[in-house]
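Hello,

Here is the structure I promised to pass on. Please have a look at it first; my notes on what I found follow below.

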Amino acid sequence: MARTSLQVMRDTVFALMMRELKTRFGARKLGYFWALAEPAAQALILSTIFTLVGRNTLTGVPVAIFMLSGILPYKFFSKLLPQLTASVHANRSLFAYRQVAPIDPLITRLFIEFATHIVVYVLIMSAMAWIGYDVWPEDLLSLLLATLLLTLIGTGLGLMLCSAMSHWEDTPKVLQMVMTPMFFVSGIFFCATMVPQQYWYLLTWNPIFHVTELSRDAYFASYTTPVGSWAFLMATALVTNALGLMLYQVNRQRFISA
């Protein structure tokens with residue numbers, strides 16, 4: 001019996017996922033370890049710095065948990081975008097097989113990065129709970145919604161950058177230049193209430209800052225964000241995905257023939 005197009009995509013994505021996991025983690029014995037160690041190390045360093053200057057809590061929250069609640073979403077986003085940007089270009093030799101569509105490698109990498117983020121989040125927070133921290137979020141559904149919207153925004157931008165890379169292969173270098181300063185304006189080691197109100201406009205254009213603020217609002221009973229906007233995130237996710245899908249459709253044949 002002939003398979004439907006959905007079944008073909010499912011089998012293709014599964015095969016690509018096995019290939020991607022073997023390539024990314026199989027060749028490096030410590031591949032999975034670094035996925036955990038990197039955000040944990042950054043949180044430890046920042047927590048140590050704040051502790052040395054006499055700040056054991058921020059907005060009534062232990063510094064380590066405060067830092068992790070900002071670092072983990074940012075690390076997810078900063079790894080998701082480059083992976084999606086290069087997904088089509090890195091797998092273009094596979095498009096000789098008619099079962100493989102240009103969207104399949106992008107979906108594959110999206111699944112891998114999202115699953116890795118969830119696993120890393122759960123493992124690190126479980127370790128913090130074992131140490132003795134209270135890590136259970138105040139509003140789990142809102143925290144999950146913020147993560148979902150961040151994923152959708154990353155997907156839309158990834159589709160747009162895929163199309164850009166089909167015309168200009170140096171797109172990942174520009175992305176890297178942009179993501180470096182984003183670390184300092186995404187609310188990782190501060191929150192909106194620590195910034196004078198007249199400077200909020202310098203931060204609220206950044207959707208990652210809104211995700212960080214809303215995540216902390218959902219996570220901690222002691223913090224209420226004055227600037228985080230669900231409407232802004234939903235509108236950003238809608239616009240980026242609409243533009244991304246439109247550009248993908250326009251450049252679909254270019255992906256295959258390049």
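**What I found**

The protein chain exposes about 13800 Å², and carbon and sulfur atoms supply 68% of that area. Please keep in mind that this is a predicted model.

**Overall layout**

The protein chain has eight helices and two strands. Along the sequence they follow the pattern α-α-β-β-α-α-α-α-α-α. Of the 258 residues in the protein chain, 47% are buried. Take the contacts between residues at least 6 apart in sequence: 74% of them join residues at least 24 apart.

**Aromatic rings**

How many aromatic pairs does the whole structure hold? A search finds eight. One of them joins Tyr74 and Phe183. This pair is edge-to-face, with 5.5 Å centre to centre and 75° between the planes. Tyr74 sits in helix α3 (residues 63-90), while Phe183 sits in the loop between α6 and α7, so the pair ties together parts that are 109 residues apart in sequence. Tyr74 and Phe183 are both buried. Ring pairs also build a cluster: Tyr74, Phe183, Phe184, Phe189, Phe190 and Phe209 are linked in this way.

**Ser186**

Now to Ser186, in the loop between α6 (171-182) and α7 (207-219). Is Ser186 buried or exposed? Ser186 has a relative accessible area of 0%, so it counts as buried. Leave aside residues up to four places away in sequence, and Ser186 touches Tyr74, Asn206, Ile208, Phe209 and Thr212. Ile71 is 115 residues away from Ser186 along the chain, yet their C-alpha atoms are separated by 9.3 Å.

**Salt bridges**

The structure holds three salt bridges. As background, side chains of opposite charge can pair when their charged atoms come close.

- Glu20 and Arg109: their side chains meet at 3.1 Å, N to O. The pair links distant parts of the chain, with Glu20 in helix α1 (residues 5-26) and Arg109 in helix α4 (residues 103-131), 89 residues apart. Both Glu20 and Arg109 are buried.
- Asp11 and Arg10: their side chains meet at 3.3 Å, N to O. Asp11 has 28% relative accessibility, so it counts as partly exposed. Arg10 has 53%, so it counts as exposed.
- Asp170 and Lys173: the closest N and O atoms are 3.6 Å apart. Asp170 is partly exposed, at 32% relative accessibility. Lys173 is exposed, with a relative accessible area of 53%.

**A nonpolar patch**

Which residues form a nonpolar patch on the surface? They are Leu238, Val239, Leu243, Met246 and Val250. Together they have about 490 Å² of accessible area. Val250 belongs to helix α8 (residues 230-257). Its relative accessible area is 63%, so Val250 counts as exposed.

**Where to look first**

Start at Tyr74. It pairs with Phe183, and it is also touched by Ser186. Then go to Glu20 and Arg109, the buried pair that links helix α1 with helix α4. Finish on the surface, at the patch that includes Val250.

Best wishes

How values were computed:
Residues are numbered from 1 along each chain as its sequence is written. This is a predicted model: local features need pLDDT of at least 70, side-chain atom pairs count only at pLDDT 80 or more; totals for chains, interfaces and linings use all residues. Side-chain values use heavy atoms; hydrogens and water are left out. Helices (H or I, at least four residues) and strands (E, at least two) are DSSP runs, numbered from the N terminus. Buried means under 20% relative accessible area, exposed over 50%, partly exposed in between (1.4 Å probe, protein chains only). Contact means heavy atoms within 4.5 Å. A salt bridge is a side-chain nitrogen of Lys or Arg within 4 Å of a carboxyl oxygen of Asp or Glu. Patches are made of residues with over 30% relative accessible area and no salt bridge: like charges are joined within 9 Å, nonpolar side chains (Val, Leu, Ile, Met, Phe, Trp, Tyr) within 5 Å. Accessible areas come from the Shrake-Rupley method with a 1.4 Å probe; for residues, only the protein chains shown count as cover. Rings of Phe, Tyr and Trp (its six-membered ring) pair if their centres lie within 6.5 Å; planes under 30 degrees apart count as stacked, over 60 as edge-to-face and the rest as tilted.
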